[in-house]
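Please walk me through this structure in the viewer, one selection at a time. For each stop, tell me what to select and what is there.

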Amino acid sequence: MNPSPASELQGYNPRNYLNSPATGLKSWLTTLDHKRIGVMFLVAVTVAFALGGFFALLIRLELLTPGPTIVDAMTYNRLFTLHGVVMIFLFMIPAIPSAFGNFLLPIMLGAKDVAFPRLNLLSFYLYLAGASVALYGMVHGGADTGWTFYTPYSTTTTTKVVPILLGAFILGFSSILTGLNFIVTTHTMRAPGMTWNRLPLFVWSIYATAVIQILATPVLGMTLLLVAIEHAFGWGIFDPARGGDPVLFQHFFWFYSHPAVYIMILPAMAVMSEVVCAFSRKNIFGYKAVAYSSLGIAFVGFFTWGHHLFTSGQSTLTGGVFGVLSMFVGIFTAIKVFNWTATLYRGSISFTTPFAYFVGFLFFLVFGGMTGIALATMSLDVHWHDTYFVVAHFHFIMVGATLMAFLAALHYWLPKMTGRMYPENWGLVAAVMVVLGFNFTFIPQFLLGNEGMPRRYFSYPERFWALNVASTAGASVLAIGLVIVLVYLLVAIRRGAVAGANPWGSRGFEWDTPSPPPPENYETTPVYTHGPHEYHEDPEPPRHAAPEPKHV
Amino acid sequence: MAGPGAVAPVEHAHASHVARYAIVWIALLALTFATWGLSRFHIPGGWGVAVALGIATAKSALVALFFMHLWDQRGANRLVLVTSLVFVALLVGLTLSDSATRFPLSNPPGSEGALPVGPTDYGGPPPVPPRDRGLTP
Amino acid sequence: MNELLRRILFLPEQASDYARQVDALHYFVIVTTMIGAAGVFLAAIYFFVRYRRRSESDRTPHVEPKAIHEILFIGGPLALFLLWFAIGFPQYVSLSLPPDDAMDVYVQGKKWMWKFAYPGGPNAIDRLRVPAGRPVRLLITSRDVIHSFYVPALRIKMDALPGRYTQTWFNASRPGRYEIFCAEYCGLSHSSMLGELVVMPAADFDDWMAQQRRGLASAQDAAPVPGEPVRPASSVVEEGRRVAAEQGCLKCHSVDGTRHIGPTWTDLYLRDEKLASGKLVRADEGYLTRSMMDPAADIVNGFQNVMPTFQGKLSPPEVAAVVEYIKSLKTPAAGSGPSEGPVYESVPRK
Amino acid sequence: MSETTATAAPSFLAHHFESLEKQTHAARLGMWLFLATEILLFTALFTAYAVYRYLFTPDFQAASRDLATWIGLVNTLVLVTSSFTVAMGYGRAVRGDGKGTRALFLVSVLLALVFLGFKVVEYSHHFHAGELPGRLYVSTRLQGPGAPIFYALYFLITGLHAVHVVVGMTILAVIGLRAGRGAYTREYHVPVELAGLYWHLVDLIWIFVFPLVYLI
């Protein structure tokens with residue numbers, strides 16, 4: 001290879017992970033390269049997102065008028081269940097960690113690969129297996145339980161709930177293996193000089209995500225298994241007719257599913273911590289605060305699950321404990337928001353597409369987060385619980401924040417992953433459409449919730465009509481914006497301008513390697529002497545001073 | 001490192017390990033008999049449970065520290081185990097505290113403080129109109 | 001001020017003092033959220049403009065926070081959030097402590113209806129009558145799956161758990177009619193599981209209650225409490241009608257020929273029904289009885305398998321009475337074509 | 001140091017690791033993380049057990065007294081002993097004595113079979129007595145609503161544990177046989193250690209199952 005890094009900074013890296021060591025389907029399906037696995041995950045989650053988005057559009061169309069519009073109640077119930085299951089288990093949870101995390105984490109650590117490449121590939125195939133089992137259930141009737149699978153409804157429904165439960169169970173293992181790999185990789189694979197306090201913030205957040213994946217997912221797996229056993233054999237653990245306690249299911253479910261919200265949002269924060277630094281050319285304001293707040297979210301996020309049970313007959317005492325602890329989890333998000341904003345101070349801000357998504361992200365995270373804390377305010381929750389206010393709140397976090405981050409990541413790292421640029425003008429147009437369309441979709445839903453419209457309603461009293469029409473209109477703008485993104489990105493992958501190793505002038509570590517990166521990430525093991533995103537000095541000469549690695 | 005001088009410490013360490021394993025094993029057997037024996041006395045109140053779980057915790061600590069070598073390996077591995085135990089305590093503790101303190105009729109019929117087992121049709125009024133039950137169990 | 005904010009936020013009317021208190025917290029939360037968010041966004045917008053990129057070679061300084069910055073970042077929001085909690089928690093506690101003089105009403109959710117029973121007195125379906133200005137405690141339970149009793153105007157909601165009771169209470173301040181929703185997803189007709197809360201002037205309520213107690217319980221939405229001595233019905237058909245209303249059959253099976261969740265009962269007797277399996281079956285006494293005991297066995301084509309079994313819930317005389325009632329529902333020019341597919345009930349448009 | 005190990009055992013070192021030491025560290029940490037997920041998998045069942053035991057204390061006590069305590073006791077002793085032999089087997093592997101590892105691991109597998117044998121005896125007794133979970137419960141000995149739930153949890157906990165025993169003894173057998181063929185050396189015996197860790201976890205969980213199910 002060309003020994004001079006200066007010449008690599010121009011143009012397209014000829015020997016990259018996309019064409020080496022081999023091309024062809026087989027070399028991809030059996031690859032152990034974390035970058036290829038990341039790309040395969042990216043394709044898979046994008047397909048899942050399109051499917052979930054399609055369900056979402058059908059739901060919004062059905063709600064265009066009170067009463068039946070395009071489907072009947074049974075179909076509608078299946079649609080929102082599938083929308084939830086696909087979006088959460090097949091898109092949100094793996095989207096950023098398994099796709100971008102896989103691609104970037106080892107590169108950011110200066111490692112050649114993740115610690116267990118075979119487990120990494122297994123994780124991908126488990127994802128496919130879980131998705132297939134769940135899809136089988138969907139095709140053969142689907143479930144009508146909602147993605148929350150509340151007992152005893154889920155144990156008595158006649159729809160095909162068992163394959164969907166098993167699918168989610170298998171997907172849980174995929175998630176666990178990815179998390180396990182990331183933790184071990186971060187602990188043991190860091191390049192020389194990469195101390196914990198020099199880790200890119202992306203790594204910190206993905207690490208915190210992995211902790212949650214490891215500790216929470218098994219409980220969900222067991223719970224889903226119990227529901228499946230109950231549904232199939234009637235063992236009575238959650239069956240009130242046999243002395244079982246359906247509320248116990250809710251405890252188990254939210255012990256996973258509340259932290260799972262952080263599995264979805266922490267990677268978004270990971271992306272945005274990189275984007276805000278790169279596009280304002282500033283070091284992060286308060287590195288330690290941002291880094292440790294990720295761990296704080298991961299830890300405290302486990303203490304708050306009971307705020308989903310405020311109206312389920314939970315005791316006042318336990319409710320109060322969960323209520324006050326829920327207030328603390330908001331603090332960590334607040335720290336990040338303030339530090340990101342302060343990072344802009346005295347920066348050099350370039351308003352390109354990823355940064356546009358950062359702006360949208362900041363807006364959605366602030367309002368999504370604040371409404372979340374408001375929801376945890378106990379007496380307000382009694383009014384809002386299970387209404388459209390909740391729906392709007394978590395869509396602000398999941399779609400608003402996480403989807404913005406996903407899109408920002410796609411645009412920011414597209415040059416790294418493919419070596420090519422996307423069209424900036426189209427990017428900005430689509431970003432504006434996505435952000436505005438999203439607001440038009442979900443702000444009316446906050447008001448619907450205030451007004452008292454419960455969620456999962458197939459039909460509604462007429463006084464909710466106007467706001468529902470507004471919401472559906474917004475959803476169509478959002479959908480068009482997303483289609484534009486998809487189209488120009490697909491074109492850009494083939495025909496985009498060659499980007500070069502570092503088109504953004506970013507000083508994140510992943511930009512030190514050529515685009516697209518070679519199979520082993522770096523020609524020589526890098527040595528780090530400072531943290532990422534240090535912009536106050538001139539770029540240093542190449543700091544890959546390490547000797548040739550001992551084994552090749 | 002691989003020189004002849006290095007062998008002796010390894011051998012020595014091994015001998016002490018065998019002794020250590022044997023002591024731990026005997027301790028585990030003794031504790032097993034102890035917990036079985038104590039259970040035959042039917043210690044009143046919650047203490048029987050506390051004693052049994054205390055002994056189990058001691059036994060598992062022995063296994064984790066010596067058979068699983070956490071005594072020798074510091075750092076991340078210990079942290080992993082301790083963290084997972086914290087979350088075990090969290091899930092058990094908070095879930096149980098809810099069952100123990102909620103409105104008693106919200107617990108399954110036939111259980112502590114709730115309604116007696118009856119017909120599954122609860123159309124009619126419950127047998128005891130619970131009035132004085134609020135925040136406390 | 002209250003009225004203005006309530007309308008801006010699309011909140012429903014406030015039917016109790018508690019609702020007004022919760023709304024006051026709501027306004028406080030929204031206003032502080034807006035102020036905080038505005039602070040962040042104005043700062044961000046100022047930075048966007050002031051520190052926009054002017055040339056590709058812009059240099060930026062290395063900025064590190066002082067400890068006081070992070071302390072403010074943590075302390076400010078924490079204080080605010082804990083204040084929210086400190087206001088909200090006592091309100092939540094008050095909901096779980098009904099006053100001693102509260103009137104008890106037993107609420108039973110069931111797919112997909114609400115049943116209200118007053119102690120020792122009448123009961124009603126989908127219409128909860130309460131006196132204005134007196135506390136009412138609800139003891140809520142469910143027959144099948146989890147439902148959630150929700151009155152937006154009172155800002156109260158409580159899950160109905162099968163086989164056990166939860167409680168909540170309210171004190172509606174003035175007469176009026178308010179919506180009751182089911183807020184916990186419970187299946188096919190979740191969104192039609194609507195009820196009405198009728199707050200009556202206290203004197204009117206007492207009259208109504210006295211009337212009900214006197215045994216004029218054959219009012220349209222009322223049926224007697226099970227377990228009470230069965231009043232002699234005027235006829236077997238009348239008894240069947242009563243049982244059907246009480247058991248909620250009429251929630252899904254119409255008696256006027258309209259299509260609903262289940263096949264209509266009008267002209268059902270001796271009709272040839274096409275089953276989901278493709279077979280034809282004549283709806284005779286045997287079929288009708290079997291359908292009550294094992295509804296899943298013969299599903300009429302185009303309908304969902306959602307009917308619960310009534311095995312053990314109906315005594316043999318009651319089954320016979322319901323069958324007789326169905327037989328009585330015959331229109332003069334009865335056709336015998338199979339019934340139409342279901343149309344799911346949309347919310348009645350007033 | 002790393003230079004020596006890299007040359008001594010190049011075939012054991014995966015391409016993306018810097019040294020065998022780091023690779024061992026990674027494998028061990030990965031195993032511990034996996035064990036943490038196992039612990040939490042069982043925690044859901046233990047939590048359900050705690051809640052229902054609290055709610056149905058008399059039923060659970062009665063049902064627990066009905067179990068054959070001596071089988072539980074013997075099984076505990078058997079499993080603890082097998083854990084001891086596994087630890088000894090690992091000690092052999094550290095010294096590079098693959099044959100010793102094989103012998104001790106096979107003893108452990110035999111003990112595991114004894115454990116499973118007792119479980120079969122126990123399960124068949126429950127089947128005949130109709131002491132089965134949930135709606136399958138037909139025994140007339142205990143009538144309270146807690147008994148079917150007790151048996152549901154009993155079968156779930158011990159059943160899941162038995163699955164782990166089967167998996168664990170398979171791993172021990174495979175690793176033991178490989179060790180006997182000299183697949184591991186004094187420098188590289190991480191698979192032996194990981195198999196041992198897994199088995200100790202199986203033991204560790206049983207240490208809690210025994211008092212919970214049989215004694216209290």
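Helices (H or I, at least four residues) and strands (E, at least two) are DSSP runs, numbered from the N terminus. The model is predicted: local features need pLDDT of at least 70, side-chain atom pairs count only at pLDDT 80 or more, and totals for chains, interfaces and linings use all residues. Residues are numbered from 1 along each chain as its sequence is written, and chains are lettered from A and ligands numbered from 1 in the order in which they are written.

**Chain A, whole**

Select chain A. Its secondary structure consists of 16 helices and zero strands. Along the principal axes, the C-alpha atoms of chain A fill a box of roughly 70 × 45 × 45 Å. The radius of gyration is taken over C-alpha atoms, and the globule rule is 2.2 Å times the number of residues to the power 0.38. For 552 residues a compact globule would have a value near 24 Å, and the 23 Å of chain A agrees with this.

Next, colour chain A by burial. A residue is buried if 20 or more other C-beta atoms lie within 10 Å of its own, exposed if 12 or fewer, and partly exposed in between, with C-beta atoms placed from the backbone. By that count, 70% of the 552 residues of chain A are buried. Two residues are in contact if their C-beta atoms, placed from the backbone, lie within 7 Å. Among contacts in chain A with a separation of 6 or more, 83% join residues 24 or more positions apart.

**Val162(A)**

Pick Val162(A), which is found in helix H7 (residues 161-188) of chain A. Is Val162(A) buried, exposed or partly exposed? It has 18 other C-beta atoms within 10 Å, so it is partly exposed. Leaving aside neighbours within four places in sequence, Val162(A) is in contact with Ala228(A), His231(A) and Ala232(A). For a distance check, draw a line from Val162(A) to Leu380(A): the two are 218 residues apart along the chain, and their C-alpha atoms are separated by 35 Å.

**The nonpolar core**

A nonpolar core is a set of buried Ala, Val, Leu, Ile, Met, Phe, Trp, Tyr and Cys residues joined through C-beta atoms within 7 Å. The largest one has 385 residues, and those touching the most other members are Val271(A), Met272(A), Phe361(A), Ala405(A), Ala408(A) and Leu153(D). H9(A) gives the largest share of this core, 25 residues. Centre the view on Met272(A). Not counting residues up to four places away in sequence, Met272(A) touches Trp340(A), Phe358(A), Phe361(A), Ala405(A) and Ala408(A).

**Between the chains**

Now show all chains. Five pairs of chains touch, and chains A and C have the most contacts among them. Chains C and D do not touch, with their nearest C-alpha atoms 13 Å apart.

Select the A and C sides: 76 residues of chain A are in contact with 71 residues of chain C. On the chain A side, H11(A) brings the largest share, 14 residues. Ala, Val, Leu, Ile, Met, Phe, Trp, Tyr, Cys and Pro count as nonpolar, Asp, Glu, Lys and Arg as charged, and the others, Gly among them, as polar. This side of chain A divides into 40 nonpolar, 28 polar and eight charged residues.

**Strands of chain C**

Select strand S6 (residues 147-151) of chain C. Five of its five residues are buried, so S6(C) is largely enclosed by the rest of the structure. His147(C), Phe149(C) and Val151(C) point one way, and Ser148(C) and Tyr150(C) the other.

Two strands pair if DSSP finds at least two bridges between them. S6(C) pairs with strand S7 (residues 156-160) in the antiparallel sense over five bridges, and Phe149(C) stands opposite Met158(C). Four residues lie between these strands in the hairpin, where Arg155(C) takes a positive phi near 60 degrees. S6(C) also pairs with strand S9 (residues 176-182), antiparallel over two bridges, and there Tyr150(C) stands opposite Phe181(C).

From S9(C), step to strand S10 (residues 195-200), its antiparallel partner over five bridges. Gly176(C) stands opposite Val199(C).
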